[in-house]
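Subject: Structure for you to look at

Hello,

Here is the structure I said I would pass on.

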Amino acid sequence: MRIHLGIDDTDSLAGGCTTRIATNLVSILDSKGVAFLDYPNLIRLNPNVPWKTRGNGAVCLRMESSLNTEEVLEFAAEEIERSSRLGDPGTDPGIVVLAGAVPSDLEEFSKEALTRVVTPSEAVSTISRVGAEALSYGSIQGIVGALASIGMPLEDDYTFELIAYRSDDFIGKPRLVDNESVVRMNKEMSQVTFNNVDPETGRILITPRGSDPILCGVRGESPEAVRKAFHMLRISEPVKAWMIFRTNQGTDAHLTRRCRISDLQDHSSVVVEGIVMEKPHTIRGGHVIFVLGDETGSVNCAAYEPTGRFRETIRQLEVGDRVRGFGGMRSAGKSIPRTLNLEKLEILTLVACMQSRNPVCPHCGKRMKSAGRRQGYRCERCGSHAISKVQLESSRDLAKRIYLPPPRAHRHLTKPEVRYLRTRTGISRSPMEWHFP
Ligand SMILES: [Zn+2]
């Protein structure tokens with residue numbers, strides 16, 4: 001029987017990790033004779049849901065098995081009870097199991113979960129409609145992601161991530177991954193991996209911070225690429241296990257919902273086209289804000305401080321420029337209006353920008369000086385006069401293209417600049433890989 005197992009929300013801000021539990025589950029189910037049909041799918045959902053821990057990631061395992069759905073659900077439940085952060089606030093694990101093919105109904109549900117806030121009750125009704133089975137701990141929040149991960153077949157664009165895990169007694173201590181080896185790997189593997197190092201700051205991006213069990217994660221275009229890149233790293237602590245995931249990371253899968261400004265919903269991921277209505281300005285904290293308008297209204301757009309040089313692009317926008325903003329809607333705060341948090345910006349048209357300059361002398365080509373208040377302009381060399389300033393079109397430093405923040409400010413889902421020229425061709429045929437010492 002073909003079985004899909006989705007799990008979500010096993011982590012908390014204090015630690016834990018859904019991919020870690022999925023890695024254990026692969027080992028457990030493998031020992032029960034299950035044949036996996038795909039790499040574990042690491043599915044990132046709408047990153048603009050405010051209450052999610054870190055990346056809003058769920059995992060789906062797809063298998064051919066003589067076990068029935070209850071048995072698979074039971075193995076998953078046992079592992080979650082053993083390894084998740086049950087009891088931590090905000091940890092509400094969910095498990096969903098579905099037999100057979102994935103119904104189109106469920107694929108629709110998953111598309112929604114990528115771009116807006118989907119409620120647990122919507123998940124519950126979808127579960128009963130498609131005939132899945134679900135189990136949740138704490139609130140039923142976790143079943144939203146668990147269900148959505150099953151409904152995302154990753155048929156269009158996708159990438160891979162090799163995630164390596166730490167041994168328990170190292171969790172919480174600094175990660176012993178040699179930075180130089182990361183820089184070297186990045187140089188050599190730049191065509192087939194991404195987001196190893198932030199080019200603006202040199203910051204290493206493959207190692208997370210904090211007390212979770214992940215040692216590092218290497219993202220790339222194929223299982224072969226991430227495995228080769230991982231083995232180029234110099235690591236001076238035990239690697240407890242590693243697993244390669246197929247994922248929607250780095251694909252912009254969440255930036256597909258085109259919205260008019262009057263239709264924008266809080267916490268949704270959106271694409272909005274409009275005209276710059278007010279010149280960008282910088283507010284306290286270094287965030288850059290401008291007003292975008294279309295025929296239905298206007299909305300504040302923000303490039304926050306962590307987006308680094310991306311803010312310099314935004315500051316150069318002029319009133320009248322036509323742009324397409326991609327990002328997440330933040331709800332209004334005490335004194336802050338609701339704001340589109342920009343994850344990328346596409347410039348569609350640029351207005352001509354006029355600048356008034358003193359005239360140039362027609363005889364000697366020298367720029368004239370003011371001859372005094374209301375006296376016009378005079379050439380210092382030959383004495384010629386001119387009445388007024390001239391309007392010149394000044395060049396714009398922006399181009400009609402897509403601008404992105406630096407990788408260190410990216411969401412997991414953000415498609416990095418280096419991937420724009422890469423195209424995917426079919427699913428890799430190599431067998432699924434993992435490693436347990
Ligand atoms: Zn002159």
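Below is what was found in it, from the whole chain down to single residues.

Please keep in mind that this is a predicted model.

The whole chain

The protein chain has 437 residues, and 53% of them are buried. It contains eight helices and 22 strands. Taken along the principal axes, the box filled by the C-alpha atoms is roughly 95 × 50 × 40 Å. The chain exposes about 20100 Å², of which carbon and sulfur atoms supply 49%. Looking at contacts between residues at least 6 apart in sequence, 73% join residues that are at least 24 apart.

The zinc site

Which residues of the protein hold the donors of the zinc ion? They are Cys361, Cys364, Cys379 and Cys382, each through its SG atom, at 2.1 to 2.4 Å from the ion. The angles among the four donor atoms run from 99 to 124 degrees, and the site is tetrahedral. Along the sequence, the spacing of the donor residues is C-x2-C-x14-C-x2-C. Cysteine 361 sits in the loop between strand 16 (353–357) and strand 17 (369–370), while cysteine 382 sits in the loop between strand 18 (377–378) and strand 19 (385–386), so this pair ties together parts that are 21 residues apart in sequence.

Are these two cysteines buried or exposed? Cysteine 361 has a relative accessibility of 2%, so it counts as buried. Cysteine 382 has a relative accessible area of 42% and is partly exposed.

In general, strands of a sheet pair through backbone hydrogen bonds. Here, strand 17 and strand 18 are joined by two bridges. Lysine 369 stands opposite arginine 378, which belongs to strand 18.

Aromatic residues

How many aromatic pairs were counted? The count is three. One of them is formed by tyrosine 158 and phenylalanine 160, which are edge-to-face, with 5.8 Å from centre to centre and 85 degrees between the planes. Both residues count as buried: tyrosine 158 is at 2% relative accessibility, and phenylalanine 160 is at 1%. Together with Tyr39, Tyr158 and Phe160 form one aromatic cluster.

Regards

Terms used:
Residues are numbered from 1 along each chain as its sequence is written. This is a predicted model: local features need pLDDT of at least 70, side-chain atom pairs count only at pLDDT 80 or more; totals for chains, interfaces and linings use all residues. Side-chain values use heavy atoms; hydrogens and water are left out. Donors are N, O and S atoms within 2.8 Å of the metal (3.2 Å for Na, K and Ca); water is not among the atoms, so sites may look incomplete. Four donors count as tetrahedral if all angles lie between 85 and 135 degrees; four count as square planar and six as octahedral if opposite donors are over 155 degrees apart and all others between 65 and 115; anything else is irregular. Helices (H or I, at least four residues) and strands (E, at least two) are DSSP runs, numbered from the N terminus. Buried means under 20% relative accessible area, exposed over 50%, partly exposed in between (1.4 Å probe, protein chains only). Two strands pair if DSSP finds at least two bridges between them. Contact means heavy atoms within 4.5 Å. Accessible areas come from the Shrake-Rupley method with a 1.4 Å probe; for residues, only the protein chains shown count as cover. Rings of Phe, Tyr and Trp (its six-membered ring) pair if their centres lie within 6.5 Å; planes under 30 degrees apart count as stacked, over 60 as edge-to-face and the rest as tilted.
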